Amino acid sequence: MMYVIGSGPAGIACASALLEKGREVTMLDAGVELEPDNRRKVEHLASTDPARWTPEDVRFMKSSVSINTRKIPVKKVYGSDFPYLPLPEFLSEGSRHLDIFPSFARGGLSNVWGAAVLPHREEDIRDWPVRIRDLEPHYRAVLGFVPLAAAQDDLAALYPLYAQNPGTLRLGRGTGAFLQHLEIHKDSLRGHGILFGRSRLAVKGETKEYGGGCVHCGLCLYGCPLQCIYCSSDTLREWTKSPRFTYRGNTVVTRVQETGDRVAIEGKDRLTGEKLSFSGTRVFLAAGILPTTHILLDSLKIYNQPLKIRYSQYFNVPLIRFRGEPDDLSEATNTLAQVFVELLDPVLTPETIHLQIYGYNDLYGKAMENSLAGPLFKLFPPLKEAVLRKLLIIQGYLHSRHSGFIELTLRNKGTESVLKLVPRENASSRRIIRRVMSKLWKHKELLGAFPLTPWLKIGPLGMGAHNTGTFPMSAAPGPLESDRWGRPAGLRRVHAVDASVLPSAPASTITLTVMANAHRIGYHDEAD
Ligand SMILES: Cc1cc2nc3c(=O)[nH]c(=O)nc-3n(C[C@H](O)[C@H](O)[C@H](O)COP(=O)(O)OP(=O)(O)OC[C@H]3O[C@@H](n4cnc5c(N)ncnc54)[C@H](O)[C@@H]3O)c2cc1C
């Protein structure tokens, strides 16, 4: 029996490869689910024609979202924060304020993610012991069960699609006008190292029929009532009838121990605290970077030794269009990222910088109203509509080489061990982000838009959830590293398959590569 720990994207991708190979798999999962009351409300929406949803029907999703303009708010789903493990008991008190969230949810953080999915490029992962050609078949395998909405456009030369017949999503009027303007100036933009295309989203594309795919209800940022945004628990549901797959929820794994050709797994029941134990031939840890690192350090009894969480620096800034037709604020459209812009400018950094462009939505609109712009909007009411109809939002990421890192240490406190996290800033991140703002300003005519730089927010370390590399894969692993199959030095039958083993965090999105790598490791489960 093979054990996979965790039902997030990494666990599901790894289990999928093992099942493809005919293995018997048991998934042990902390498995927290959406509260029953909210679940009933979502089911009511899902079984009602969206044209008949009332504001009252969707209020439970919207009312719990706080729009704090000083801090980037934590995203909720279906009015709940169940995907985030509240004040995890395995974090030291001083580390609980950081913006890095472990999940104990069935489906992990894919309950709440933005579903942006780009693969990595060879140049992004030159410090890894695996090449893109090693990952390619696994990008394809993953996109065989994860839906993709994308277009075969210029970005495909840089980032292959790895999927046949992707679905489509309608662009909002504002993002459509922005993209049209970029298309006109495509050659000049490329000359300045600015490439762009439609976003790539793990979302079921639009259908005319209600029930098949996206119906553009505009609720994406609150949780899709029709479950068109991929969550790894969707795949889990499809496996319930598989005779070779067993799911055991409410199970928190604490340690693993290799003995001969078996692995003993220690854990506890999440609800009762009762001790649990299992024994398998191999264990694949996919509990998310903090829980997996905690399990490994505690199992290997590595205390008080600092290691690094590599981080891809996150920032966001409003972008005001001054070309093209204004947005229609009442238009219902998908509210995830609609356009991707990639900056390849060696003057800024040798690495790519990834920008996700969002159109107007009520959440960002309210954030703008609650910001410095609020008093101006009150003084000149027509200004409000004029600005909001031209508003786009950029969410940007840097490569981890130009970002800070989080120092992580496991402290043993008698019967329990806690992780201490200390953020370590990188002065070059701010410098590069400022240069990105200058570059966007400089090319504003080609972009038809300029960034509202005074509104720039640079996320605290951890924010954006692109965290990797506590046990980085290496061709010749030393202490606190793992081999190309995710096995920390000294272990043969325990594989870490989530972001813990990715040696760096390129700017483009993280989860598709986490899944491809987990699938690759699961697929080569005979590695010795
Ligand atoms: C707001 C937000 C937006 C995001 N948007 C994007 C995006 O657009 N694109 C992108 O690429 N990434 C995005 N991410 C990141 C993405 O969600 C993660 O990369 C991804 O979920 C990681 O998958 P995972 O399976 O490794 O871990 P997780 O999703 O954290 O899943 C961990 C799993 O392990 C289980 N578990 C944890 N501890 C234990 C234990 N001790 N015992 C048993 N089970 C355990 C949990 O129940 C869960 O099932 C976003 C994240 C957030 C928070």
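**Figure 1. Pairing of strands E5 and E6 in the predicted model.** In this predicted model, strand E5 (251-259) and strand E6 (residues 262-269) run antiparallel and are joined by eight bridges. Within this pair, Thr251 has Asp269 of E6 as its bridge partner.

**Figure 2. The open sheet of three strands.** The strand order is E5-E6-E7, and the pairing is antiparallel. E5 and strand E7 (275-280) each have a single partner strand and stand at the edges, so one side of each is left without a neighbour in the sheet. From one strand to the next, the twist averages 20°. Strands of a sheet pair through backbone hydrogen bonds, in either a parallel or an antiparallel manner.

**Figure 3. The shell of residues around the ligand.** The ligand is surrounded by 35 residues, of which Asp29, Ala105, Leu109, Val253 and Thr511 are the closest. Sorted by class, this shell comprises 21 nonpolar, 12 polar and two charged residues. E5 contributes three residues, the largest share of the shell.

Figure 4. A backbone N or O atom of Ala105 is placed 2.8 Å from an oxygen atom of the ligand. For Leu109, a backbone N or O atom likewise lies 2.8 Å from an oxygen atom of the ligand. A backbone N or O atom of Ala10 is found 2.9 Å from an oxygen atom of the ligand. The ligand taken alone exposes 990 Å², and the protein buries 92% of that area.

**Figure 5. The open sheet of four strands.** Its strands follow the order E15-E14-E9-E18 with antiparallel pairing. E15 and strand E14 (residues 405-413) run antiparallel and are joined by nine bridges. Asn412 has Ser417 in E15 as its bridge partner.

Conventions. Residues are numbered from 1 along each chain as its sequence is written. This is a predicted model: local features need pLDDT of at least 70, side-chain atom pairs count only at pLDDT 80 or more; totals for chains, interfaces and linings use all residues. Side-chain values use heavy atoms; hydrogens and water are left out. A residue is near a molecule or strand if one of its heavy atoms lies within 4 Å of it. A polar contact is a pair of N or O atoms within 3.5 Å; within protein, one must be able to donate a hydrogen and the other to accept it, and residues adjacent in sequence count only if both atoms are side-chain atoms. Accessible areas come from the Shrake-Rupley method with a 1.4 Å probe; for residues, only the protein chains shown count as cover. Helices (H or I, at least four residues) and strands (E, at least two) are DSSP runs, numbered from the N terminus. Ala, Val, Leu, Ile, Met, Phe, Trp, Tyr, Cys and Pro count as nonpolar, Asp, Glu, Lys and Arg as charged, and the others, Gly among them, as polar. Two strands pair if DSSP finds at least two bridges between them. Axes are lines fitted to C-alpha atoms, for helices over the stretch in contact, and angles run from 0 to 180 degrees between N-to-C directions.
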